[in-house]
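Opening the notebook on this one.

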Amino acid sequence: MSKNFDVIVIGGGPGGYIAAIRAAQLGFTTACVDEWKNDKGGPAPGGTCTNVGCIPSKALLQSSEHYEHAAKHFAEHGIGLKSLSIDVAKMVARKDQVVKQNNDGILYLFKKNKVSFFHGRGSFVKAVDGGYQIAVGDELLTGKQVVVATGSSARALPGLPFDEDKILSNDGALRIGAVPKKLGVIGAGVIGLEMGSVWRRLGAEVQVLEALPAFLGAADEQIAKEAQKAFAKQGLKVELGVKIGEIKTGAKGVSVAYADAKGAEKTLDVDKLIVSIGRVPNTTGLNPEAVGLKLDERGAIVVDDECRTNLPGVWAVGDVVRGPMLAHKAEEEGVAVAERIAGQHGHVDFGLIPWVLYTSPEIAWVGKTEQQLKAEGRAYKAGTFPFMANGRARALGDTTGMVKFLADAATDEILGVHIVGPMASELIAEACVAMAFKASSEDIARICHAHPSLAESVKEAALAVDKRTLNF
Ligand code: FAD
Ligand code: NAI
């Protein structure tokens, strides 16, 4: 017999589990179906983000950062170490524990909010009167509304499937058993730079090969240049404008043939190769054909600005639809969809979704880049403030980078904030709040910021828009 729900969410990543919790909060009987398995075959909700994405990558970034601090920076503080070692197995086990805490946390949240959780693959069976039938193994569920949040998977290079031993996706990159001597990375995007940083800090010689001629093309150019300089200084080698040729794997490792930016033929020999060239929407097993759910040519579910699909009562959110593949974007869409189902006015401001790279220096931004404003022909003023002139950054021993404000030339409304430097991931929140309230740079410049704090650099960059920094 079919179990009936007001809302069935397929996928328990940040888009899905948050949509399910919000739907339950709004009084709907809600089910969430997720197929991710932990190493014992049990449920592991949280999706890519929790299992092989945001959370484990940040755990390893933290461990490797501690190691690098101990190796390179403790001495500056007068702290001596007789010997230093890294137990990779323990570092990875700690990361797994962090993941498990998050999986368990989500199961707890489902109980607390009375969301019925089903562990297995959810597939459309057919449209029924007033809803849709979804199969999960032998069980049949019926939902008046269905939210698809099936996420994304790593994109492989043609003819080079991931074996997670030598050719690694994000999954394998997060559980390398010992520090490789030489690590190659294809794609200098977010994953390439974050995972490349982890293994470089632990002692691997890392070489990143990127097809595009510009470094971090989506970021503000000035910020990207500053970050590129910092990475080069650390020894993270990034070669731009390459064309990847034949890749061979053998007993010893991986050999990557490529043409460099000038067309010269080269070979990179590495022990392991991370391929991080973007991700593809995941609809495996969803059986969208059974109900006529429309996909685009990339395999993404086609939705409008409000996450409505071509089918009445079927919604889709997160990585499986258009837009940036970010956990917080998926969450915002999940909340908005649940609220729309309840007849409320759920809203996502796509212009105010922050980006963060958790490298060191961290890179974070929200709103428009300088090159975008130029292309739009919009008159703007820019103000920057370097962390070098910030007392807290000096005390921390981390003065790389800057905060940059872009504001409308006439109204002074903040149009974009770009940060490269310590704790950029946390500092960007002030810019998001300010921009959501349509603040001007002068608003930020007039607000008292605690001293000494990195946040004072945000205030100073706002002052810089009007050319009146106080500490630089
Ligand atoms: P997912 O998290 O992919 O979840 C989808 C879930 O649905 C999965 O559990 C999957 O098993 C399940 N599923 C799929 N099909 C079915 C089916 N038919 N039936 C049942 N279940 C199904 N984003 C950030 O914002 N910050 C970061 O720091 C960050 N770091 C990242 C690091 C890495 C290495 C990677 C790979 C990604 C990172 N991301 C980060 C991106 C982030 O993980 C994704 O944007 C986010 O997970 C998308 O959420 P989602 O709910 O749409 O999909
Ligand atoms: P990405 O889109 O960030 O970067 C992929 C890079 O690979 C691009 O620079 C692209 O030009 C390059 N590329 C593509 N094909 C290539 C080829 N054949 N040869 C050489 N280079 C090639 O994708 P990535 O790093 O795989 O990450 C996927 C997504 O996951 C990100 O876009 C982001 O949405 C999310 N993510 C977010 C994080 C965060 O928020 N901190 C961390 C990690 C991932």
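The model I'm working on is predicted.

Entry 1, ligand 2. I looked up the shell and got 22 residues around ligand 2, of which Glu194, Glu210, Gly278, Met325 and Val356 come nearest. Helix 6 (190-201) gives three residues, the largest share of that shell. Strand 18 (355-357) also supplies at least two.

I found a backbone N or O atom of Val356 2.7 Å from a nitrogen atom of ligand 2. Gly278 has a backbone N or O atom 2.9 Å from an oxygen atom of the ligand, and for Ile191 I noted a polar backbone atom 2.9 Å from an oxygen atom of ligand 2. I then checked cover: on its own ligand 2 has 830 Å² of accessible area, and the protein covers 77% of that.

Is Glu68 buried or exposed? I get 11% relative accessibility, so Glu68 counts as buried, the cut-off being under 20%. Glu68 sits in helix 3 (residues 54-73). Setting aside neighbours within four places in sequence, I see Glu68 in contact with His73, Arg200 and Arg201.

The domain assignment lists domain 1 (3-153 + 280-350), domain 2 (167-277) and domain 3 (361-465). I have the C-alpha centres of domain 1 and domain 3 at 31 Å apart. From the unreviewed UniProt entry I took the annotation "domain: FAD/NAD(P)-binding", covering residues 5-334. That span is 31% helix and 26% strand, with its end C-alpha atoms 17 Å apart.

Conventions:
Residues are numbered from 1 along each chain as its sequence is written. Chains are lettered from A and ligands numbered from 1 in the order in which they are written. This is a predicted model: local features need pLDDT of at least 70, side-chain atom pairs count only at pLDDT 80 or more; totals for chains, interfaces and linings use all residues. Side-chain values use heavy atoms; hydrogens and water are left out. Helices (H or I, at least four residues) and strands (E, at least two) are DSSP runs, numbered from the N terminus. Buried means under 20% relative accessible area, exposed over 50%, partly exposed in between (1.4 Å probe, protein chains only). Contact means heavy atoms within 4.5 Å. Domain bounds come from an automatic or database domain assignment. UniProt positions are given in the numbering used here, feature names are shortened, and annotations may be inferred rather than shown by experiment. A residue is near a molecule or strand if one of its heavy atoms lies within 4 Å of it. A polar contact is a pair of N or O atoms within 3.5 Å; within protein, one must be able to donate a hydrogen and the other to accept it, and residues adjacent in sequence count only if both atoms are side-chain atoms. Accessible areas come from the Shrake-Rupley method with a 1.4 Å probe; for residues, only the protein chains shown count as cover.
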